[in-house]
Amino acid sequence: MASREDSPIFEDDDSPPYSLEKMTDLVAVWDVALSDGIHKIEFEHGTTSGKRVVYVDGKEEIRKEWMFKLVGKETFCVGATKTKATINIDAVSGFAYEYTLEIDGKSLKKWMENRSETTSTWTLRLDGEDCRVVLEKDTMDVWCNGTKMETAGEFVDDGTETHFSYGHHDCCIKAVSSGKRKEGIVHTLIVDNREIPETLE
């Protein structure tokens, strides 16, 4: 009998922790940018068995076998903020199905447009690693690589500054009025006295 080492299926030690069978019913994949990181949502739908499986970042969140109703919805939470997500399964024609993702009750597209107004995001390299900083404008919460940071805010002549540290780096998000009603407040990230350009996700 062949040992595990002889089997070609196990050649790659970096292989994901799920079986090859998984990918046969994979029908949709979405990347969702939240404050604590970018999360991958994968959905399996067995149109003959009615099986439904939802994975978030490779971890199984929902598994339902033998569903008689092939259309419907599955709701689950994503990320450290437990953001509500719903996958809608609709019949298009015959045996064709359409899969749409809603975040907090909005279509993914609408939610992303809204998010670009309520958050600012910066990506940069610090100490040789990628760093993603997100400011939630409504709460002034700052997230750095998935961790909510301890911050200290202060009023300055031209606006406010929100200070935090990342590793040995002094970081500050300046909020200054643009002077234009449509633009409102402009947020700028400064790391070690260097201005970081905002990233569009």
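**Note on the predicted model: hairpin, sheet, helix and cores**

1. In the hairpin formed by strand 3 and strand 4, with 2 residues between the strands, D57 takes a positive phi near 55°. Strand 3 (residues 52–56) and strand 4 (residues 59–64) run antiparallel and are joined by 5 bridges; V56 has K59 in strand 4 as its bridge partner. Strands (E, at least two residues) and helices (H or I, at least four) are DSSP runs numbered from the N terminus, and two strands pair if DSSP finds at least two bridges between them.

2. This is a predicted model, in which local features need pLDDT of at least 70, side-chain atom pairs count only at pLDDT 80 or more, and totals for chains, interfaces and linings use all residues. Residues are numbered from 1 along each chain as its sequence is written, and side-chain values use heavy atoms, with hydrogens and water left out.

3. The secondary structure of the chain comes to 1 helix and 17 strands. Of its 201 residues, 36% count as buried, where buried means under 20% relative accessible area, exposed over 50%, and partly exposed in between (1.4 Å probe, protein chains only).

4. An open sheet of 4 strands has the order 5-6-7-8, with antiparallel pairing. Strand 5 (72–78) and strand 8 stand at the edges with a single partner strand each, so one side of each is left without a neighbour in the sheet. Strand 7 and strand 8 pair over 2 bridges in the antiparallel sense, and E102 has S107 of strand 8 as its bridge partner.

5. Helix 1 (residues 108–118) has L108, W111 and R115 buried. Seen down the helix axis, the buried residues of helix 1 fall within an arc of 60° (taken from the directions from the axis to the C-beta atoms), so they line one face of the helix. The face turned away from this buried side carries the exposed residues K109, K110 and E117. Cover for the buried residues of helix 1 includes strand 1 (26–34), strand 7 (96–103) and strand 9 (119–126).

6. The largest nonpolar core has 20 residues, and W30, V32, I41, F76, I87 and L101 have the most contacts inside it. A nonpolar core is a set of buried Ala, Val, Leu, Ile, Met, Phe, Trp, Tyr and Cys residues joined through side-chain atoms within 4.5 Å. A second, separate core of 16 residues includes L124, C131, V133 and Y166.

Conventions:
Contact means heavy atoms within 4.5 Å.
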